[in-house]
Amino acid sequence: MKQMIAFGAVGVAAVFLAGTAFMVLRGEDDAYASCRSSQVAGGDIGGPFELVNGAGETVTDTDVITEPALLYFGYTSCPDVCPLDVDRNAAATEILEERGQSITPVFITVDPARDTPKVVGDFAEVMHPRMVGLTGSPEQVKAASQAYRTYYKAHPADESGEYLVDHSTFSYLVMPGEGVVDFFRREVRPEQMADSIGCFLDQS
């Protein structure tokens, strides 16, 4: 399991969920009915995005989500919440690898002003060798966040120029060609997440 890290932030992060509860009643034809929770992200959550990866290349959702992917929106300067959540996602990815199953962990910044392509690339690589780090212009990041109905808001900077960013903390399981099939709250443990994701992979 990768060592949890935080890049240069101070203070305590105040983290808010997006205000909207997502619930969809699935029909009997739902192939994932045995895998998902009763409250899941609906079909209107997620969608196309255009962002920039750690190599400075502009990529789209179809470039990134070539296999089941686990998406998380956060920022590298987060002092505690993001490193814990991203490390949890990396740990679940490793558990699945040990079971012969594969997903792509993805980190999308909500702090494009500080999170350059190199910064998100280095952060993702430290967390997991296959993790994809993504940033972009403020407009690109906002569009991706809105597609996934995430929330973020930067606080005013202090005298040193440091600032915190409030943000939602869901991790989204996205299937290629299908979109979001479920989401995970931050209290879900790595083993629980791996078990749940593994169910989806078995049914796909």
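User: Between which strand and which helix does the loop holding aspartate 111 lie?
Analyst: The model is predicted: local features need pLDDT of at least 70, side-chain atom pairs count only at pLDDT 80 or more, and totals for chains, interfaces and linings use all residues. Residues are numbered from 1 along each chain as its sequence is written, and side-chain values use heavy atoms, with hydrogens and water left out. Helices (H or I, at least four residues) and strands (E, at least two) are DSSP runs, numbered from the N terminus. The loop with aspartate 111 lies between strand 4 (104–109) and helix 3 (117–127).

User: Is aspartate 111 buried or exposed?
Analyst: Buried means under 20% relative accessible area, exposed over 50%, partly exposed in between (1.4 Å probe, protein chains only). Aspartate 111 has 3% relative accessibility, so this residue counts as buried.

User: Which side chain makes a polar contact with the side chain of aspartate 111?
Analyst: Contact means heavy atoms within 4.5 Å. Leaving aside neighbours within four places in sequence, aspartate 111 is in contact with Gly74, Tyr75, Tyr163 and Val165. A polar contact is a pair of N or O atoms within 3.5 Å; within protein, one must be able to donate a hydrogen and the other to accept it, and residues adjacent in sequence count only if both are side-chain atoms. At 2.6 Å, the partner is tyrosine 163.

User: Within what arc do the buried residues of helix 4 fall?
Analyst: In helix 4 (residues 138–147), Gln140, Val141, Ala144, Ser145 and Ala147 are buried. They line one face of the helix, because seen down the axis of helix 4 (directions from the axis to the C-beta atoms) they fall within an arc of 160°.

User: Which exposed residues sit on the face of helix 4 turned away from its buried side?
Analyst: The buried side is covered by elements including strand 1 (50–53), strand 5 (132–135) and strand 6 (152–154). The face turned away carries Pro138, Glu139 and Gln146.

User: Which residues of the largest nonpolar core touch the most other members?
Analyst: A nonpolar core is a set of buried Ala, Val, Leu, Ile, Met, Phe, Trp, Tyr and Cys residues joined through side-chain atoms within 4.5 Å. The largest has 38 residues. Those touching the most other members are Phe49, Ile65, Leu71, Leu134, Tyr148 and Tyr172.

User: What span is expected for helix 5?
Analyst: Helix 5 (residues 190–203) has 14 residues. The expected span is 1.5 Å times one less than the number of residues. Helix 5 reaches 20 Å from its first C-alpha to its last, close to the expected 20 Å.
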